Amino acid sequence: MMNFDSQKQTFANGFSMEVVSRPNFKEKFFGIMIDVGSSDVQPISGMAHFLEHQLFNKADGDLSLKFDQLGASVNAYTASNETMFYATSLNNTTKVIDLLFNLVCQPFFDEKTVAKERGIVKQELAMYQDDPKWWVINELKIQMFGKTPLGLDGLGSKTSIDSMTPKALLDFYQQEYTAQKMHFIAVGDFSTTAIKQMFTQVKKLTKDVPAGGKFQSQALQFGKLKDQEIVKPESKLFGVGLAFDFQKADLDDPSMDQAILEMMLEMQFGGMSNFYQQAVIAKVINDEVDYSMEINREGAFAMIVGISSSPKQVFTLIDDTLSSPMPDESQFNLMKKSWISHYFRLYNDLSDWAIELSESALDGENLADFAEKMNKLSFDQFWQRGCELLEHSHIVHVNTGKGGKV
């Protein structure tokens, strides 16, 4: 359904790379994705995210300043199952790639820089915790998955952040930042000569990266799955969590299943839904709820979060909706068109497109097939699969108040 020129190679140690040609784009994107993230098993909670921060620290200072000197921008993020380091620039392709591999493959850990990073990460955590919604989401995840990496905040806690040491970080880096868990991608308007040079350059830069092995999923673990009221009397937030009894590896097509579940959530709880109309008429909510869905290596969950002075009435409405979802074929057709349109818009954003391609490469999926699968998806297929997936969920309720059980 969509054609683009892509060249790929996997080296002897398992390191993979891809160069995607996008003629007439001035900006160029370069990234290295590592197949480990905040929901994966870690010796200290939050270590994957902390390591992402720490790798910018080098013996001669903050490496991001050297990107600035080249007129390039650099950034990074830690998601549930991957960590991404990336840079964009107009020129200096060879130098930017060298710096990117310096960033990822030349770690520097000493007590001074690690201590500085502890303070930075704790400030970041405190910023998120200033939002009452953080406490609702945090409690939902703990009740769904307990004190596992999937149940805990990806940044860790103040205690776990204070536990980060140079040796612990180095041990984790050597275990996880291995060739078979790494993927390099470049997207832009490159000449044939430049592409050949990139493959030669990356092969040389990765020849000493140890092979390691692919990530192995851990057994699915649930939390207590109990309803809770948390102490936030000034807030009227509520949350509903759906913990599914499957992991990404259990599904034949996890990307499509996630899309289907996201569409189901929109159909059942969006601004056009029967739930929203009933809740507004009953005067138990004034604004639309937020909803999210994630399927990853360690598990799968959905969350619905909103504001209400009558959370128990909202919980009843949500539970009734989930137990007897209402089909709406016309809304499905609109959402389907929206998803396909989003895919094509994504194609014209170099950064987002490159990130999606990298995730697909590490997962062994083909991103180019997604739009075609979505286009062929019938309403009956969507509805049957969506209802099947919802049957594999456990519901948890959380609201703010004086504290205790709901």
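## Two residues with positive phi

Asn 92 is placed in the loop between strand E7 (83–89) and helix H3 (93–105). Helices (H or I, at least four residues) and strands (E, at least two) are DSSP runs, numbered from the N terminus. Although Asn 92 is not a glycine, its phi is positive, about 60 degrees. Asn 92 is partly exposed, with a relative accessible area of 33%. Buried means under 20% relative accessible area, exposed over 50%, and partly exposed in between (1.4 Å probe, protein chains only).

Leu 225, in the loop between helix H8 (192–206) and strand E9 (228–231), is not a glycine either and has a positive phi of about 55 degrees. Leu 225 is partly exposed, at 27% relative accessibility.

## Basis of the model

This is a predicted model, in which local features need pLDDT of at least 70 and side-chain atom pairs count only at pLDDT 80 or more, while totals for chains, interfaces and linings use all residues. Residues are numbered from 1 along each chain as its sequence is written, and side-chain values use heavy atoms, with hydrogens and water left out.

## The sheet

An open sheet is formed by 6 strands in the order E1-E2-E8-E3-E7-E6, with mixed pairing. Two strands pair if DSSP finds at least two bridges between them. Strand E1 (5–10) and strand E6 (73–78) stand at the edges with a single partner strand each, so one side of each has no neighbour in the sheet.

Strand E2 (residues 16–21) pairs with strand E8 (residues 182–188) in the parallel sense over 6 bridges. Val 19 has Ala 186 in E8 as its bridge partner.

## Aromatic rings

A pair of aromatic rings is described by the distance of the centres and the angle of the planes. Rings of Phe, Tyr and Trp (its six-membered ring) pair if their centres lie within 6.5 Å; planes under 30 degrees apart count as stacked, over 60 as edge-to-face and the rest as tilted. The count by this rule is 25 aromatic pairs. In one of them, Trp 339 and Phe 370 have ring centres 6.1 Å apart and planes at 50 degrees, so the pair is tilted. Trp 339 lies in helix H12 (residues 329–347) and Phe 370 in helix H14 (residues 370–376), so the pair ties together parts that are 31 residues apart in sequence. Phe 370 is buried, with a relative accessible area of 14%.

Trp 339 and Phe 370 belong to one aromatic cluster, which also includes Tyr 347.
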